[in-house]
Amino acid sequence: MHLRARRRSIRFDGHTVTLSIATKSWFIIPGDTKNRFPVEKISKIQHTPPTAWKPGKIVFVVPDSAPDVVANVPLFADKLAGNTFLYPYGMRAKVAKFLEAVEKARPQR
């Protein structure tokens, strides 16, 4: 399952959530920073649904990941932490399916 929004994309293969963030290297050449979160290490998923005026927000809480803001993002990209994904109101159904799939794969605690 794959979602793309606001110069970030998120992918789930059944075992790992991969968050790709568009970055600039050498201030010219585009690149991607990838953060991978194994499903068994995700302790919590914080989800704020979107409204008509604010994008939705998903934050993956993983004990050993750094919540630092990603540097060198391109123009019009959000400066967010490497474990955060923002999405527009129109993607709420796709995101609901994505979160459901991740929750099914997470071990029950």
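**Exercise 1. Find the residue in strand 7 that is the bridge partner of Lys 57.**

Step 1. Look across to strand 7: the partner of Lys 57 there is Leu 86. Strands here are DSSP runs of E, at least two residues long, numbered from the N terminus.

Step 2. Now try Val 59, whose bridge partner in strand 7 is Thr 84.

Step 3. Zoom out to the pairing: strand 6 (residues 56–61) and strand 7 are joined by four bridges in the antiparallel sense. Two strands count as paired if DSSP finds at least two bridges between them.

A note before you go on: this is a predicted model, in which local features need pLDDT of at least 70, side-chain atom pairs count only at pLDDT 80 or more, and totals for chains, interfaces and linings use all residues. Residues are numbered from 1 along each chain as its sequence is written, and side-chain values use heavy atoms, with hydrogens and water left out.

**Exercise 2. Decide which way the residues of strand 7 point, and whether they are buried or exposed.**

Step 1. Thr 84 and Leu 86 point one way, Phe 85 and Tyr 87 the other.

Step 2. All of these are buried, meaning under 20% relative accessible area (1.4 Å probe, protein chains only).

Conventions: Buried < 20%, exposed > 50% of the residue type's maximum accessible area, 1.4 Å probe, protein only.
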